[in-house]
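Please have the sequence and the structure at hand while reading.

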Amino acid sequence: MNDMSYTPLPPVPEEFKILSMMHNIGAISPERSLTPDELAKWTNIEVSIVRDCLQRLRELGYVEHSEVSGVEKYHVTKVGIMKVLTLYS
Amino acid sequence: MRIAMISWEYPPRIVGGIARHCEGLARALVKHGHEVHVFTLDFPGAPEYEEKDGIRIYRTRIEVGHPNFLSWVLLFNHFIEKRLADVSKRVEFDVLHVHDWLTAPSSVAFKHFINKPLVFTAHSTEHGRSGLHIPDSFTIDGLEWWATYEANKVIVTSNAMKHEVCGHFHIPWEKVDIIPNAIDPTKYQVAVDRWAVRSRFGIQPHEKLIVCVGRLVPQKGVEYFLHSVPILARRRPEAKFIIVGDGWYRDHLEWVANTTGQRWRITFTGFISDGDLIALTRSADVAVVPSIYEPFGIVALEGMAAGVPVVASQVGGLTEFIEHDRTGVLVYPRNPESIAWGVEHVLSNPDHAKWLVQNALEVVQKSYSWDAIAKKTGKVYEEVTSSKR
């Protein structure tokens with residue numbers, strides 16, 4: 001019988017790391033949302049990379065964007081929370 | 001008896017099987033006359049406190065977070081512990097029941113604070129889930145051991161898990177009780193317009209629908225299922241495949257699907273509602289559970305309750321309620337050829353498939369009801385409270 005070897009695990013995608021960190025920080029509702037600059041500081045990732053990741057996460061429905069007094073902020077959606085938690089269970 | 005049940009997930013915060021397990025158990029315990037207080041984490045849109053089906057649910061807001069996962073876990077345990085302490089001023093608990101390691105720190109601390117027995121259900125182990133390859137995994141492994149050490153009694157859901165827990169954590173055999181998982185079979189026997197459901201998911205009447213449900217994480221073995229697609233497609237040109245669920249591994253799995261040359265046959269739905277999940281499962285021709293590690297395997301039990309033939313890996317708890325070729329079909333784990341054989345075995349023998357489904361349903365109804373599981377759990381509570389006196 002064909003006994004396939006275990007495929008080496010791929011690295012966790014960069015945008016998933018950001019999603020996970022947003023969740024752990026507590027950015028899970030509009031009132032606790034964070035700006036890309038704040039996220040870049042928390043995660044120690046360049047703000048341009050953070051913005052690219054946020055764009056992709058938004059397209060996938062894992063984060064939502066809001067604008068408060070002209071400031072763009074992001075928080076994790078319910079589906080995003082469930083996605084993050086799969087990493088830990 | 002007054003029970004404090006502590007779990008990091010509880011509906012609507014659903015990650016894997018634990019949330020549904022805790023809800024089903026809590027409901028059944030209430031029906032048996034127990035007073036159940038559930039302590040869990042907050043979830044957007046869910047109230048901080050509610051009473052539902054007689055269960056008192058306390059959802060704790062995590063006031064301070066941290067980007068590091070383990071720091072976040074310790075922080076939310078601190079807030080759960082505060083909530084437990086606050087509620088215990090009004091409620092005198094008889095027993096604490098904690099589910100998995102994530103809420104072990106608050107539960108162990110609270111056990112000593114109120115000097116009451118602790119029951120720990122080990123739904124899986126880090127050793128089994130991901131191996132112990134990174135420092136975080138060793139920390140989680142240590143916390144799991146700590147919970148088994150501090151608990152007055154440990155519950156596991158299968159004999160396979162009992163061997164794993166006793167062997168890996170070196171705890172006495174008699175300290176561990178096996179109480180299987182359960183489901184409410186009536187939930188899966190609703191009337192479904194099969195053809196309308198299939199059409200909604202892009203399945204034509206003449207096509208064979210093979211579903212695979214689960215978190216998209218490596219231990220669920222979905223990769224091996226995807227590798228079985230080209231083998232099955234050669235034998236069954238009318239086969240279509242739907243993968244339900246989401247997870248951090250999804251990008252990789254979609255990449256694997258792209259390499260099969262059969263991507264057009266495969267649909268990833270992401271998370272779907274419970275109603276859609278039941279309707280889709282009931283409309284399928286086969287449900288595949290290709291896990292490579294499975295302490296219990298509730299997805300297979302759900303498939304059996306939904307009246308669909310189940311093809312599952314011969315691993316862990318799956319082998320304890322699926323009898324090969326009587327209540328389902330067991331195949332070799334990590335083996336696409338074997339998965340393809342199992343699916344073809346079911347599809348090519350429709351009468352035999354019906355017989356499998358009938359037998360499976362009888363087993364589910366007889367042995368895996370919440371009523372039976374609540375009775376067994378109640379006995380564990382009685383045992384730990386009487387020996388504590």
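The model is predicted. The predictor assigns the complex an ipTM of 0.83 and a pTM of 0.90.

**Confidence in chain B**
- Chain B has a mean pLDDT of 95, and 99% of its residues reach 70 or more.

**Helix H5 of chain B**
- Helix H5 of chain B covers residues 135-150, which amounts to 16 residues.
- From its first C-alpha to its last, helix H5 of chain B reaches 23 Å, close to the 22 Å expected at 1.5 Å a residue.
- The buried residues of this helix are B:Ile140, B:Leu143, B:Glu144, B:Trp145, B:Ala147 and B:Thr148.
- Among the elements of chain B that cover these buried residues are the strands S5 (95-99), S6 (118-121) and S7 (153-156).
- The cover also includes the helices H3 (104-114), H4 (126-130) and H6 (159-169) of chain B.

**Strand S13 of chain B and its partners**
- In strand S13 of chain B (residues 310-313), B:Val310 and B:Ala312 point one way, while B:Val311 and B:Ser313 point the other way, and all are buried.
- Strand S12 of chain B (residues 286-289) pairs with S13(B) in the parallel sense over three bridges, and B:Ala287 stands opposite B:Val310.
- Between S12(B) and S13(B) the chain passes through helix H11 (residues 298-305) of chain B, forming a right-handed β-α-β crossover.
- S13(B) also runs parallel to strand S14 of chain B (residues 329-331), to which three bridges join it.
- In this second pairing, B:Val311 stands opposite B:Val329 of S14(B).

Conventions: Residues numbered from 1 in each chain as written. Chains lettered and ligands numbered in written order. Predicted model: local features only at pLDDT ≥ 70, side-chain atom pairs only at ≥ 80, totals over all residues. Helix = DSSP H or I, 4+ residues; strand = E, 2+ residues; numbered from the N terminus. Expected span 1.5 Å × (residues − 1). Buried ≥ 20, exposed ≤ 12 C-beta atoms within 10 Å, placed from the backbone. Contact = placed C-beta atoms within 7 Å. pLDDT = per-residue confidence, 0-100. Pairing = 2+ DSSP bridges. Right-handed = clockwise from strand over helix to strand, strands pointing away.
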